[in-house]
Amino acid sequence: MKTCRLKICGLSRFGDILAANDILPDYIGFVFAESSRRVTPDKAAQLRQELDKRIKAVGVFVNAPMEEIVKLSEDRGNARVIDLIQLHGDEDEAYIRQLKTHTGLPVIKAVRVRSREQILKAQELPCDYLLLDTYTKDRYGGSGTQFDWNMIPELTKPYFLAGGIHLGNIRQAVSHGPYCIDVSSAVETGGRKDRRKMEEMAQVLR
């Protein structure tokens, strides 16, 4: 199995951060959009203080006002709250360009996959990475269900793969060539991050 990076999304408690510091995923995600895992900017800043410096923090947003993202991207003396920006809404090319100008941070643009053509079109956006996730009507993500990975075309842009990835299908997911595997509900028990599940996921990838 080729090496693939790991992102654990939706961290919201200090216990989640302590587990991540032991496991060392490449990325963790703070969700600033409507979600049961949502964190406030202040809470994210506190959690970030405790995060191992080797782990990059991704801020997840859905159609957010630009100033909200810019504020979280600013260097606050010793560290900024987020290192990468993940856009999960209807953000367009102009928004992405403006955001990159204002923050200088890498941008991940999520695609709620419905067709190969849609993924290829999204690749033309001025983002640094794509994130391929399952399309669910009236939802911007976090469905925990898998889409047909055979729809993924050959891509030149690195991409994160999300949506229903678990221990039973992670090897198959990696065989499609993603830059990074993105998990959230698969490493939870009762809606909370589960250290054992996080460890198992990391072990399989490594």
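In the predicted structure, eight strands close into a barrel with parallel pairing, in the order β1-β2-β3-β4-β5-β6-β7-β8. Neighbouring strands of this sheet are turned against each other by 25° on average, direction ignored. Strand β1 (residues 5-9) pairs with strand β8 (residues 180-183) in the parallel sense over four bridges, and L6 has I181 in β8 as its bridge partner. Helix α7 (residues 195-205) packs on the sheet, where it touches β1 and β8, and its direction makes about 165° with that of β1.

On its other pairing, β1 is joined to β2 in the parallel sense over three bridges, with C9 standing opposite G29 in β2. The chain passes from β1 to β2 through helix α1 (residues 14-23), and this β-α-β crossover is right-handed. Strand β2 is in turn joined to strand β3 (residues 56-61) by five bridges, the two strands running parallel. G29 is a bridge partner here as well, its counterpart in β3 being V58. A right-handed β-α-β unit is formed by β2, helix α2 (residues 41-50) and β3.

The burial of β2 (residues 27-31) was examined next. Because five of its five residues are buried, strand β2 is largely enclosed by the rest of the structure. In a regular strand, side chains alternate between the two faces of the sheet. Both faces of β2 are covered, with Y27, G29 and V31 buried on one side and I28 and F30 buried on the other.

K109 is located in strand β5 (residues 107-113) and has a relative accessibility of 5%, so it counts as buried, the limit being under 20%. The side chain of K109 makes a polar contact with that of E91 at 3.5 Å. Beyond its neighbours within four places in sequence, K109 is in contact with L87, G89, E91, I96, L125, C127, Y129, L130 and L131. T156, by contrast, lies in the loop between β6 (129-134) and β7 (159-161) and is exposed, with a relative accessible area of 72%. The C-alpha atoms of T156 and Q123 are 8.0 Å apart in space, while the two residues are separated by 33 residues in sequence.

Twelve salt bridges are found in a search of the whole structure. Side chains of opposite charge can pair when their charged atoms come close. One of these bridges connects the side chains of E34 and R38, with an N to O distance of 2.5 Å. E34 is exposed, at a relative accessible area of 72%, whereas R38 is partly exposed at 42%. A second pair, D128 and K100, likewise meets through its side chains at 2.5 Å, N to O. This pair links distant parts of the chain, since D128 lies in the loop between α5 (116-122) and β6 and K100 in helix α4 (residues 93-103), 28 residues apart. Both partners are partly exposed, D128 with a relative accessible area of 30% and K100 with 26%.

Notes
Residues are numbered from 1 along each chain as its sequence is written. This is a predicted model: local features need pLDDT of at least 70, side-chain atom pairs count only at pLDDT 80 or more; totals for chains, interfaces and linings use all residues. Side-chain values use heavy atoms; hydrogens and water are left out. Buried means under 20% relative accessible area, exposed over 50%, partly exposed in between (1.4 Å probe, protein chains only). A polar contact is a pair of N or O atoms within 3.5 Å; within protein, one must be able to donate a hydrogen and the other to accept it, and residues adjacent in sequence count only if both atoms are side-chain atoms. Contact means heavy atoms within 4.5 Å. Two strands pair if DSSP finds at least two bridges between them. Axes are lines fitted to C-alpha atoms, for helices over the stretch in contact, and angles run from 0 to 180 degrees between N-to-C directions. A crossover is right-handed if, with the strands pointing away from the viewer, the path from the first strand over the helix to the second runs clockwise. A salt bridge is a side-chain nitrogen of Lys or Arg within 4 Å of a carboxyl oxygen of Asp or Glu.
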